[in-house]
Amino acid sequence: MGNKRYSDAAAALDGLLFDGMHICAGGFGLCGIPERLIDAIRDAGTRDLTIASNNAGIDGEGLGKLLRTRQIKKMISSYVGENKEFERQYLAGELEVEFCPQGTLAERCRAGGAGIPGFYTKTGVGTLVAEGKEVKSFDGPNGPEDYILERGIFADLAIIKGWKADESGNLIFRKTARNFNQPMATAAKICVAEVEEIVPTGSLDPDCIHLPGIYVKRMIVGAPYDKKIEFRTVRPRETA
């Protein structure tokens with residue numbers, strides 16, 4: 001298997017980045033995002049990126065850092081609502097956006113990782129999502145129904161965030177951080193993971209492993225992390 005552990009994010013991405021590349025990025029909002037790897041891509045100055053991710057974080061955090069530096073050419077996303085710079089660049093025609101329903105995006109990445117070039121889904125039929133896509137009718141319980149063809153996604157690089165890994169790259173995600181990280185990890189030529197802890201091979205319960213180490217080519221320990229909150233809501237302080 002070789003040594004998969006690298007000293008830092010820059011070292012783990014060394015030789016993998018190039019202008020115009022396609023990246024699958026795990027995470028949901030600010031939960032389970034590969035913070036250190038995103039910072040390393042920003043620092044490397046790699047440009048004209050196409051990134052498939054559920055969203056682009058928020059202004060100045062997550063993938064929002066790459067939007068701020070104008071390193072992203074195109075986003076394949078399902079949600080943009082919390083990122084004002086994302087919205088501004090899109091409305092100004094500075095950023096190409098391919099909107100994709102959330103479940104469809106997850107399945108496009110899962111399909112790409114499984115070697116499936118495309119699949120048919122009812123999601124988006126009769127909407128703007130279906131424009132320019134092949135429509136095919138299949139028999140359903142109430143007769144023929146229309147489905148649209150969605151293409152699988154397979155990128156040059158996947159960057160993901162995990163909780164715990166062993167030295168072979170077997171990886172566990174923690175709670176909702178599992179979200180898009182698991183399908184994104186398989187949908188690229190090479191996957192680089194950042195985790196909070198690396199333990200000796202054999203330390204993890206095989207039944208608890210979410211991502212087999214065969215998918216993880218390089219990894220780093222990114223801890224410690226500061227827990228970032230998208231919306232902090234508190235009660236007004238009570239006065240005596």
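Predicted model: local features only at pLDDT ≥ 70, side-chain atom pairs only at ≥ 80, totals over all residues.
Local features need pLDDT of at least 70 and side-chain atom pairs count only at pLDDT 80 or more, while totals for chains, interfaces and linings use all residues. Side-chain values use heavy atoms, with hydrogens and water left out, and residues are numbered from 1 along each chain as its sequence is written.

Searching the whole structure turns up one cavity of 30 Å³ or more. Here a cavity is a set of points on a 1 Å grid over the protein atoms alone where a 1.4 Å probe fits but cannot get out; points are joined across faces, edges and corners, and the volume is the space filled by probe spheres set on them. That volume comes to about 60 Å³ for the largest cavity. Its lining (residues with an atom within 4 Å of a point) has 13 residues, with Gly 29, Ile 33, Ser 53, Asn 55 and Leu 63 closest to the centre. By class, the lining splits into six nonpolar, seven polar (Gly counts here) and no charged residues.

As for the sheet, three strands (DSSP E runs of at least two residues) form an open, antiparallel arrangement in the order E5-E7-E6. Pairing takes at least two DSSP bridges. E5 (118–121) and E6 (135–140) are the edge strands, each pairing on one side only. E5 and E7 (residues 143–151) share four bridges, and Thr 121 sits opposite Ile 148 in E7. Helix H5 (residues 102–113; helices are DSSP H or I runs of at least four residues) packs on the sheet and touches E5 and E7, contact being heavy atoms within 4.5 Å.

Methods. 1 Å grid on protein atoms, 1.4 Å probe; cavity = no way out; pocket = protein on both sides within 12 Å on 5 of 7 lines; lining within 4 Å. Axes fitted to C-alpha atoms, helices over the stretch in contact; angles between N-to-C directions.
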